[in-house]
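Please look at the chain below and follow it alongside the text.

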Amino acid sequence: MKKITIVGAGRVGESTAHNLAKHETCREVMLIDIKEGVPQGTALDIQESAPIYDFDTRLAGSNDLKDMAGSNMVVITAGVPRKPGMSRSDVLDTNLAVLYGIVDEVKKHAPQAMLLIVSNPVDVLTYAAWKRSGFERRHVFGMAGVLDSARMASFVALETGFSVKDVSAMVLGGHGDTMVPMTRFATINGIPIDHFLSKEQIEKIVKRTREGGAEILSLRKTASAYDAPAAAIASMIDAISRNRRHILPAVAVLEGEYGLTDICMGVPCVFGEHGIEKVIELPLSAQEAAEFRKSAETVRADLAKLKK
Ligand SMILES: NC(=O)C1=CN([C@@H]2O[C@H](COP(=O)(O)OP(=O)(O)OC[C@H]3O[C@@H](n4cnc5c(N)ncnc54)[C@H](O)[C@@H]3O)[C@@H](O)[C@H]2O)C=CC1
Ligand SMILES: O=C([O-])CC(=O)C(=O)O
């Protein structure tokens, strides 16, 4: 990929820029923020690590959204994170206004770009970005499932003591308390996790996964998670940039899949050079389907606020 713009040079934006540069996922990273000097200073700081990490990616910072021109991808990490005790939906109004302002500029200056939404509440904001932009659905998606699945895989590895490299986990649904960790598909080197873990241990992992964001926030108090989120964003972009056709869970616009339309939710997707190349529809068990429906209702409640 030639150029990636990240709008929002805060914690997630900065860590994402560093990940993209270190892995030479693109030639150029543009960081944009409303805070004067911050994206410029951050870009320069990361650039100065190039000789040590040995990367040729060029970074620049700006306070002007016009500088996204020519981007193949625009990542939106701008807005506010929630504070301890808040739900992600509590920052909807603030972040929606920020998102609309940015998407309008993407339409003007980078109309060919794909949009990767990170700001919360991510399911609703991905839907809002898709509607506002008028872009094809394969070009507008949100990051949540890769992070939630990584959290689940980490907890499985910690609980069993086995290498995380052997663990495969998948979390679907909305990025909130009703997300759906798919325990049936969680394996350790292909062996279902219930071979190693009791029902109680698995339930504990499911709960901790659902509350993964809140756990970090309750420890740090003033900042939500950013390192694992940035790694998750970078892995989605890597799949697209290198046309890997990687199956990753992501917030996608649904058009009939899982019996849902006019909504964005976390589902398994094939990522390649055109963005979301396919949404994979899994046959769900009765319990999974019920949990997925419940999660969809939560997302719909926020979508109703948006439509007002
Ligand atoms: N989808 C996911 O799984 C995750 C989502 N998030 C979300 O990502 C967002 C960013 O989180 P952090 O980086 O920790 O927050 P942060 O507060 O460190 O950074 C946000 C940045 O956005 C900038 N900003 C605000 N309005 C802007 C505008 N109109 N144009 C350009 N920049 C603007 C701020 O100046 C700030 O630098 C939050 O909404 C957070 O909830 C965070 C982690 C995971
Ligand atoms: O918890 C938050 O607000 C940030 C986030 O989405 C996550 O870390 O999963």
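The model is predicted.

Two packed helices are described by the angle between their axes and the distance between the axes. Helix H5 spans residues 122-133 and helix H10 spans residues 286-307; their axes come within 9 Å and cross at roughly 45°. Because angles of 65 to 115 degrees count as roughly perpendicular and those under 35 degrees as roughly parallel, H5 and H10 are oblique to each other. The crossing is right-handed. On the H5 side, the contact is formed by Asp123, Val124, Tyr127 and Ala128, while H10 contributes Val299, Asp302, Leu303 and Leu306. Sorted by class, the residues of this contact comprise 6 nonpolar and 2 charged ones, with no polar residue.

UniProt, in an unreviewed entry, places the feature "active site" at His175. This histidine lies in the loop between strand S8 (171-172) and strand S9 (180-181). His175 counts as buried because 26 C-beta neighbours lie inside 10 Å, and the cut-off for a buried residue is 20 or more.

Beyond its neighbours within four places in sequence, His109 is in contact with Leu65, Lys66, Met68 and Ala69. Val12 lies 97 residues away from His109 along the chain, and their C-alpha atoms are separated by 23 Å.

Conventions:
Residues are numbered from 1 along each chain as its sequence is written. Chains are lettered from A and ligands numbered from 1 in the order in which they are written. This is a predicted model: local features need pLDDT of at least 70, side-chain atom pairs count only at pLDDT 80 or more; totals for chains, interfaces and linings use all residues. Axes are lines fitted to C-alpha atoms, for helices over the stretch in contact, and angles run from 0 to 180 degrees between N-to-C directions. Helices (H or I, at least four residues) and strands (E, at least two) are DSSP runs, numbered from the N terminus. Angles under 35 degrees count as roughly parallel, over 145 as roughly antiparallel, 65 to 115 as roughly perpendicular and the rest as oblique. A crossing is left-handed if the near helix is turned anticlockwise from the far one by less than a right angle, and right-handed if clockwise. Two residues are in contact if their C-beta atoms, placed from the backbone, lie within 7 Å. Ala, Val, Leu, Ile, Met, Phe, Trp, Tyr, Cys and Pro count as nonpolar, Asp, Glu, Lys and Arg as charged, and the others, Gly among them, as polar. UniProt positions are given in the numbering used here, feature names are shortened, and annotations may be inferred rather than shown by experiment. A residue is buried if 20 or more other C-beta atoms lie within 10 Å of its own, exposed if 12 or fewer, and partly exposed in between; C-beta atoms are placed from the backbone.
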